[in-house]
Amino acid sequence: MTRIKSILSKIIIYGLLISLLFLTIVPFYMVMVNATHTSFNIVTRLNLLPGGALLDNYETMQTHVNIWRGFANSLLISLPYTVLTGYFGALVGFGFAKYSFKGKRILYSIVLASMMIPSQVSIIGFYQLNLRLHLLNTYYPFILPGIANASAVFFLRGIIAQSIPDSMIEAARIDGCSEFMIFNRVVFPCVIPGVVAICIFNFVSSWNNYIGPLIVMSDSDMYTMPVMISMIKGLYLTNYGAMYLAITISVVPTIIVFCLLSKYIVNGLTAGANK
Amino acid sequence: MKKRIAALSILMPVAVSLAACGGGGSVSSAGSTTEAEDSAAVETAEEADASAEEPETENASLSGTLEVWSSGEELGRFVEGFQKEYPDVTVNITVVPNADFIAKLTPTLAGGQGAPDIFTGESDYVKYLVESGFWDDLQSADYGADVSDVWEYIVSVGTDSNGVLRALSWQASPGSVMYRRDMAREVLGTDDPAEVAEMLSSNAAMLDVAARLKEQGIKMFASWQDIMNMQFSNRKEPWVTDGKLVVDDSLLEFMDMAKTITENGYDLGVDPWAPEWSAAVESDDTFCYVLPSWGYQFVVKPAADTTKGQWALCQGSVPYVKGGTWLGIYKDSPNKELAWAFLKYCCLNSEAQQAYASEYGEYVSLKSADEALASGEGEEVLGGQNPFAFYNEQMSKIPADLMTAYDGTINNAFLSATKDYATGIKSKEEALSSFKADVQNAYPEIAVD
Amino acid sequence: MRDGKKRSTLNKSRYGYLFIAPFFAVFAVFGLYPVLYTAFLSFKSWDGLAVVKSAGGKNYARLLTDVVFYQSLWNTFRIWIVNFIPQLLSALVLSAVFTFHKIRGKNFFRASFYLPNLITAASVGLLFNLLFNGDKSAVNHLLVSLGVQKAPFDFFNSTVFTSGLVSYIQWWMWFGYTTVIVMAGITTVDPGIYDAAMVDGATKGQTYRKITLPLIRPTLIYLTITSIIGGMQLFDVPATLTNGLGDPRKSILTTSMYLYNQGFKNHNYGYASAVSAGLFLIIMILSAFSMKAMQRKEEES
C-alpha cells in the first residue's frame, strides 16, 4: 500500500516537474531553433527542427554588429560587478545584522528605499553625474555600484542574521580574530550559498543592463550585448534569424555562469550539514 | 538565396509603429554583400585611394574627426565616398537603436557635453528637434545651404516656425500603393499602373476594388493601418493648428474605412510588421501594401522571390509622403566645418546621391539625382517599372507638409482608437473621446474640445 | 562582567559603521545625484531641450487627478499580484519537493526552471508577441488545428488575455529564481533541527510547514519585498509585448511605461519626474505595509 502510494507520489512529482520543464524549455528551444532558420521560415511557419541558415544568419549579424566585442564588453562589466555585489552585499549585510549602532534603522531604511526608485527618468541625472565625474565612455558607472547593491544587502543581512549565531562570532573574538577577520574567515564562508544565489541574479541583471550603457557609451566599440541586440532589432532591414542568433549567443554565458555556480548552492547544503 | 529575405523591423510587432517608419535604411540588393560596416567607427581606409585620386586642394585642408549619431546604418554608407574627397577626415558613426534615440540624445544635449557634431532625427520627432534650436541654421553665413535642388517637402520639414532651415535629408519618402500585377490582371483586367491607379482614385473606389478582390478570395490590404500613411496626406490641416487639436474630416472618414475593411475581411487583420504582414509579400491572397518608398526597399524588394516581376507601384486615393530621416549640425559642435562638409556631401551633392541611390536603391532628396536615375532601367521586381520615375511624378504632386512636433504620439493614439472602433469594441464617439483624452494627457498645452 | 560586555558592544559599534560605509559612500556618489535631479525636475516644466522653467507644484497637482496614472498603478499592481501568488506557491512547492525527495536530475530541473530568467526581458516580450500575434501565429495555428478554437483568436485585442499573458510571462521568468532563493534560504537552516523534528515523529510536510517556513521567513520577506519593488517597476515585458503604449486599451500600461512615455515620447520631463516620485511613494507604502504585516507574523510565532 505504501509502495503504491510512494509510486503514485513519484508519478505526480515527476509529472509536475516535466510539465514545468516543458513550459520553460520550449520557448528557449524555439529561440535556438529559429537562430538556424531564414527569416522567411521564421515568419511563415512554426519551426521545430533546426534549419540550415545558421552560417548565413551569423554573417548577417556580423555585418551589422561585432557581437563578440559586445560579448567581451558585457563580461568586462558583469564579472567585476557581480564579485563586488557578492562581497560587499555580505559585508554590509553583516554590519547591519550583527552590530548595533545609532541610526541603524534609518540607515537600513535608506538601503531599502534606494531599491524603490524608478530608474527611467533618473538616467538624465545619471548622465550628468558621469559627465561631471569624467566617467562617460567608461565602464565604472556600471561596475562600482555593485558595492551599493541594496537587494544583495537586504538578502544577505537576512541570511546572516538567521544562520550565524552570535555565539559563533563571540567565539571567534575570543580566539583573537579582528572584526574584519571574523567576517572574512567565519561569516563569509558560512553564507556562500546565499552569496552565490544573489550573485547569479545580479550577474544576469548586469548582463542584461541596457539603457544605462546605451546612454553613457558613445563609442560603438564599447557597446554592450543588449545594446547590440537592440541595434539588430531596430534596423529596418532586420533579419529575425540573426536576431535570434544574437539572443542565443547572449544567453550562453549566463547559462554557463548559472551551471557553474549552482553547484555551489548544492555544496553549500552539505557544508551547512557539516557545520 | 533567401538569406536576406525578410525586412522586418522588430521594434514593431509592436504594432502601430507605422508611424515610426521613417528611416532610411539598409537596402539589400539581391547579390550585393554589404561591406562589413561594423557600424562601429568607420575607419579611414584612405591610403590607397588618397594617392590614386588627387583631392582638391580645398578639401585637403580639412582634417579631424567627425562624430555622427545616426538612428540607422544607412548614413554610414556615405562615409567611403566622403573620405575619397576628404582623405584627412575620420568619420565616427555611432548607430543608436532607433527606439531609444531620444532617450540617449536628451541627457546628452541637456548635459551640454558629449554631444556629436551631427545627429539624425526621424519623422516622428524631427519637428521637435527642428524647433529646439539645437541644430544650426544651415543658411547662415557659415554654411549657406543652397536648397534649390532639394524636394520642397524636405526643406519644409527641416524649417522651423521662424523660417530657419535646421535640417536636411539625403532621402525622401513619397508614397505608393504596391500591388500585385498578377492579381490585378486576373481581377481588374489590367496591371498597368496608370489604369490601376484610376480604379483606386478615391477611398470609396478602393473599397469597391477590395470587394471585387474578395469575391476571388483575395484580401486587398496587408493591414488597414498601412493606409494611415496615405490618409495622413489627405488632411487639410495638421494635427495641431494654433494650439488646437484638429481631427480632420478625412480622418473621420478613414475610421469608417478601417471598420469596413475589418468587418469585411479586406485585410489580414494583423498589425504592420507582424510576421504575417511581412510574409504577405510572397502570398497568393494579398493584393497590396500602402507604403512609401522605403516600404518597397525594406519590405517588398528583399522578400520578393517567387513574386519577382509581379509587383508594381501606383498612386492610391491621394499622393503622399511618409517618414524620412533628417540630419542637422549640433549648435555647439567644435567641428562645424567638417560637419557641414559631411552634411553637404550626403544631402546636397547630386553625384554622391546618385552613386548611393544606384547602389542601394533608395529614393534620394535631390531632384537632379532622382531625375538622372529615372531614365535608367526599371526594376526586375517591379516587372520593369522604374520606381524613380514613378516617385518623381508623385513628389511633384504631394500636398504641403503637415508635420508637427506631436505627430509620433498623436498618430499612435489615433491608430489605437481607430482599431477599437474598427474591431467593434467602441463606438465612434467613444473611440474619438478616448483619443482626445489621450492627446490631452500627452500634451496638456494643446486645446482639445 | 556586565560593564565589560557593555563596553565591548560600544567598542564594536564603530565596526558596524565601518562595514556599512562602502554602501553609503558609493550610493552617495552614483545613486543620490540622479534621484535628487529627478526630484528637482518634478517641480519644473521641461521638454528636454528648451530652458527649464519652474512649475511649482503643478506637476503634483496634476498627478493627483490623473486617471491614467491611477489606471497604470492598478494595472501594475494587478499584473504583479496575479503573478506573485502563483510564483511564491510554486516556488514553495518545488523547494519542498527538491528538499524532501530524492529527485533524479534535480540540478537539471532546477537549472532549467531558472533559464527563462536569463533572457533579456525585452527579448522575451518580443518572443511572446511572435507566438500570439496574428491569425496564423504559432498558438492560433495550434489551437485551430487541435480543434480547441474554431476560428483564430485576436489575442492582442483582448485586455484580459494580454494582461494575463504579462502576468504569465512574469511568473514564467521568475518562479525558477524564487525557487532557488527559497532553497538558498533552506540551506541555511541547521539540519540538526530537522533531525530533532523527525525524532518527534513529524512528517515531512509538517516539518516543512511548521519548521522550515518560519525559519526562512527573512528569505520570504526578502522575496516579497523585492518582488513588490521589481513588480511595481515593471517595464520591459509589457513595453515590448505590444506597441509600447499598453495596448489593447492601456490594459498593460504600467506606471514605468507611463512615465517613460511622458518623458521620452511626449517630452514632459517635469511631469514624468513627478510620476516617478508618485510611483516611488506608492512602492514605499506597499513595501512598508507588507513588511509590517510579515514581521508581525514573525513576532507572533
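User: How do H4 and H11 of chain A pack, in angle and axis distance?
Analyst: This is a predicted model. In it, helix H4 (residues 67-98) of chain A packs on helix H11 (residues 192-207) of chain A at an angle of about 145°. Their axes are 9 Å apart.

User: Left-handed or right-handed crossing?
Analyst: Right-handed, as H4(A) passes H11(A).

User: Which residues make the contact?
Analyst: From H4(A), they include A:Ser74, A:Ile77, A:Tyr81, A:Gly86 and A:Ala90. H11(A) contributes, among them, A:Val195, A:Ile198, A:Asn202, A:Phe203 and A:Trp207.

User: What classes of residue are in there?
Analyst: Eight are nonpolar and eight are polar. No charged residues take part in the contact of H4(A) with H11(A).

User: Switching to chain B. What is the strand order in the four-stranded sheet?
Analyst: The order is S5-S8-S4-S9. The sheet is open, with mixed pairing.

User: Why do S5 and S9 have one side without a neighbour in the sheet?
Analyst: They stand at the edges.

User: What about twist?
Analyst: The average is 20° from one strand to the next.

User: How does S4 pair with S9, parallel or antiparallel?
Analyst: Antiparallel, over four bridges. S4 covers residues 175-180 of chain B. B:Tyr179 sits opposite B:Ala312 in S9(B).

User: What is the mean pLDDT of chain B?
Analyst: The mean is 86, and 87% of chain B residues reach 70 or more. Over residues 1-57 of chain B, though, the pLDDT is below 50. That stretch has 164 contacts in the model beyond near neighbours in sequence.

How values were computed
Residues are numbered from 1 along each chain as its sequence is written. Chains are lettered from A and ligands numbered from 1 in the order in which they are written. This is a predicted model: local features need pLDDT of at least 70, side-chain atom pairs count only at pLDDT 80 or more; totals for chains, interfaces and linings use all residues. pLDDT is the predictor's confidence in each residue, from 0 to 100. Two residues are in contact if their C-beta atoms, placed from the backbone, lie within 7 Å. Axes are lines fitted to C-alpha atoms, for helices over the stretch in contact, and angles run from 0 to 180 degrees between N-to-C directions. Helices (H or I, at least four residues) and strands (E, at least two) are DSSP runs, numbered from the N terminus. A crossing is left-handed if the near helix is turned anticlockwise from the far one by less than a right angle, and right-handed if clockwise. Ala, Val, Leu, Ile, Met, Phe, Trp, Tyr, Cys and Pro count as nonpolar, Asp, Glu, Lys and Arg as charged, and the others, Gly among them, as polar. Two strands pair if DSSP finds at least two bridges between them.
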